[in-house]
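Subject: Handing over the model

Hello,

Here is the structure I promised to pass on to you. Please have it open while you read, as my notes follow below it.

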Amino acid sequence: EAMKRMVDDFAEYARPSKRQVEHLNLQGLVQDLLLLYNNSPTQISFVSDFSDAVTVYADPVSMRQVLHNLLKNAQEAMEEGGLIEIKLSQVQKNNADYVELGIYDQGSGINTEQIETIFDPYVTTKARGTGLGLAIVKKIIEEHGGLIWIDSSYTQGAGFIIQLPLA
């Protein structure tokens, strides 16, 4: 089972992009995905600066995978439960509008030594992890013209920030 998962993850990482991009309501996607996590021991709060739909030009299947990977990692980092915060806001950079999606957990956090390599393939802190989850997340975000990084100012666990261009 572990070998199969690793082969599947590697195939996903190595696969050329065949994304079906469309105008995607990112706020709606987050809310839909949170329904899957309703019965978990982890509490998830979602805060948005937007009063209307937040639209990005993206592949919904890929973006769902990104969010699921990050939420699953956050849950696994908090074995006893805890709070995951999801924050959606708008920023301007180089005269362009972007949406920032932050995902914060109250787990064990990321060691300073790991920050430089956490998005590299086969880097993992989990006993049963393949080390491809965050590498796949980064690849998908970059294919959508975005960036992902660790929020090093967050000290109560791990924090990831995704920045995507608004449609």
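A word on confidence to begin with: pLDDT is the predictor's confidence in each residue, from 0 to 100. This is a predicted model, so local features are reported only at a pLDDT of at least 70 and side-chain atom pairs only at 80 or more, while totals for chains, interfaces and linings use all residues. Residues are numbered from 1 along each chain as its sequence is written, and side-chain values use heavy atoms, with hydrogens and water left out.

The average pLDDT of the protein is 86, and 87% of the residues score at least 70. Helix H1 (residues 2-14) has the lowest confidence, with a mean of 65, and strand E6 (residues 147-150) the highest, at 97. Where pLDDT is low, the predicted coordinates should not be read in detail.

**Overall layout**

Helices (H or I, at least four residues) and strands (E, at least two) are DSSP runs, numbered from the N terminus. By that rule there are 4 helices and 7 strands in the protein, in the order α-β-α-β-β-α-β-β-α-β-β from the N terminus on.

Of the 167 residues, 41% are buried, where buried means under 20% relative accessible area, exposed over 50% and partly exposed in between (1.4 Å probe, protein chains only). The accessible surface comes to about 9,500 Å², and carbon and sulfur atoms hold 48% of that; the areas come from the Shrake-Rupley method with a 1.4 Å probe, and for residues only the protein chains shown count as cover.

For contacts, the cut-off is heavy atoms within 4.5 Å. Among the contacts with a separation of 6 or more, 71% are between residues 24 or more positions apart.

Two strands pair if DSSP finds at least two bridges between them. E2 (residues 42-48) and E4 (residues 82-93) are paired in the parallel sense, over 7 bridges, and Thr 42 stands opposite Gly 82 in E4.

Ile 44 sits in E2 and is partly exposed, at a relative accessible area of 23%. Ile 44 and Ile 84 are 40 residues apart in sequence, yet their C-alpha atoms are 4.7 Å apart in space. Leaving aside residues up to four places away in sequence, Ile 44 touches Leu 34, Tyr 37, Leu 71, Leu 83, Ile 84 and Ile 86.

On to E5 (residues 96-104), which pairs with E4 in the antiparallel sense over 9 bridges; Leu 88 is opposite Leu 101 in E5. The E4-E5 hairpin has 2 residues between its strands. Asn 94 has a positive phi of about 50° although it is not a glycine, and Asn 95 has one of about 60°, again without being a glycine. Asn 94 is exposed, with a relative accessible area of 69%, and Asn 95 also counts as exposed, at 81%.

The rule asks for NZ of Lys or CZ of Arg within 6 Å of the ring centre and within 35 degrees of the ring normal. Lys 87 lies over the face of Tyr 104, 5.1 Å from the ring centre, and Lys 93 lies over the face of Tyr 98, at 5.5 Å.

In helix H4 (133-143), the buried residues are Leu 134, Ala 135, Ile 136, Val 137, Lys 139, Ile 140 and Ile 141. Just after H4, Gly 145 takes a positive phi of about 75°.

E6 has a covered face with Ile 148 and Ile 150, and an uncovered one with Leu 147 and Trp 149. E6 pairs with E7 in the antiparallel sense over 4 bridges, and the bridge partner of Ile 150 in E7 is Phe 160.

Phe 160 brings us to the aromatic pairs. Rings of Phe, Tyr and Trp (its six-membered ring) pair if their centres lie within 6.5 Å; planes under 30 degrees apart count as stacked, over 60 as edge-to-face and the rest as tilted. The count is 2 aromatic pairs. One of them is Phe 119 with Phe 160, edge-to-face at 6.0 Å centre to centre with 80° between the planes. This pair links distant parts of the chain, 41 residues apart: Phe 119 in the loop between E5 and H4, and Phe 160 in E7 (residues 159-165). Phe 119 is buried at 13% relative accessibility, and Phe 160 is buried at 9%.

Best wishes
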